Amino acid sequence: MDEQNIDPGLIHEIFKHVWTRTALEREKNGRNEAPTDADFVTVGGAGTSKKNRPTSANSNALKLSAELIRIFISEAVQRAAAIAEAEGESKIEATHFERILPQLLLDF
């Protein structure tokens, strides 16, 4: 089976998006306002103080995170396929993932 790698650049963009949302939510919670979609678009490097400094990730950490996500997805598909096969089905359904998810999360 030819395994596809997940691009560490994609993982970095996902992390940056989450970090930005988290920073904006914390800022808005301080003012008791809900963040709007416009707030998420306009955020860049929001200042130079230690509190507002943009978060970054080491390239090795991104590669490791991408590999962990690849392994997690691969394991989830394999477990769901085993459940589907045990039920005599040739196609993996969402219910198969629902059944394996609790144990998978405990294992990881």
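These are my notebook entries on a predicted model of one protein chain.

**Entry 1: ground rules**

I number residues from 1 along each chain as its sequence is written, and because the model is predicted, local features need pLDDT of at least 70 and side-chain atom pairs count only at pLDDT 80 or more, while totals for chains, interfaces and linings use all residues. My side-chain values use heavy atoms, with hydrogens and water left out.

**Entry 2: the overall picture**

I started with the secondary structure and found four helices and zero strands in the protein chain. Helices (H or I, at least four residues) and strands (E, at least two) are DSSP runs, numbered from the N terminus. Reading along the sequence, I wrote down the pattern α-α-α-α.

Next I asked how much of the chain is buried. Buried residues make up 13% of the 108 residues. The word buried means under 20% relative accessible area, exposed means over 50%, and partly exposed is in between (1.4 Å probe, protein chains only).

I also looked at contacts, meaning heavy atoms within 4.5 Å. Among the contacts in the protein chain with a separation of 6 or more, 51% are between residues 24 or more positions apart.

**Entry 3: aromatic pairs**

How many aromatic pairs are there? I count two. The rule pairs rings of Phe, Tyr and Trp (its six-membered ring) if their centres lie within 6.5 Å; planes under 30 degrees apart count as stacked, over 60 as edge-to-face and the rest as tilted.

Phe15 and Trp19 form a tilted pair, at 5.8 Å centre to centre with 45° between the planes. I find both in helix H1 (residues 8–31), four residues apart, which is about one turn of the helix. Phe15 is partly exposed at a relative accessible area of 25%, and Trp19 is partly exposed too, at 27%.

In the pair of Phe72 and Phe108, the ring centres are 4.9 Å apart and the planes stand at 80°, so I noted the pair as edge-to-face. Phe72 lies in helix H3 (residues 59–86) and Phe108 in the segment after helix H4 (94–107), so this pair ties together parts that are 36 residues apart in sequence. Phe72 counts as partly exposed because its relative accessibility is 25%. Phe108 is likewise partly exposed, at 45%.

Two packed helices are described by the angle between their axes and the distance between the axes. Axes here are lines fitted to C-alpha atoms, for helices over the stretch in contact, and angles run from 0 to 180 degrees between N-to-C directions.

H3 and H4 pack at an angle of about 135°, with 9 Å between their axes. That makes H3 oblique to H4; angles under 35 degrees count as roughly parallel, over 145 as roughly antiparallel, 65 to 115 as roughly perpendicular and the rest as oblique. On the H3 side, the residues making the contact include Phe72, Ala76, Arg79 and Ile83, and on the H4 side they include His96, Ile100, Gln103 and Leu104.

**Entry 4: His96**

Is His96 buried or exposed? His96, which sits in helix H4, counts as buried because its relative accessibility is 1%. Leaving aside residues up to four places away in sequence, His96 touches Ala80, Ile83, Ala84, Glu87, Glu89 and Lys91. Its side chain makes a polar contact of 2.9 Å with the side chain of Glu87. A polar contact is a pair of N or O atoms within 3.5 Å; within protein, one must be able to donate a hydrogen and the other to accept it, and residues adjacent in sequence count only if both atoms are side-chain atoms.

Arg79 is in helix H3 and is partly exposed, with a relative accessible area of 22%. I asked which residues Arg79 touches, not counting those up to four places away in sequence. They are Ile100, Gln103, Leu104 and Asp107. Arg79 and Ile100 are 21 residues apart in sequence and 6.6 Å apart in space, C-alpha to C-alpha. A polar contact of 2.7 Å also joins the side chains of Arg79 and Glu75.

Ser65 is in helix H3 as well. Ser65 touches Ile11 and Phe15, again not counting residues up to four places away in sequence.

Ala81 lies in helix H3 and is partly exposed at 28% relative accessible area. Ala81 and Lys91 are 10 residues apart along the chain, and their C-alpha atoms are separated by 7.8 Å.
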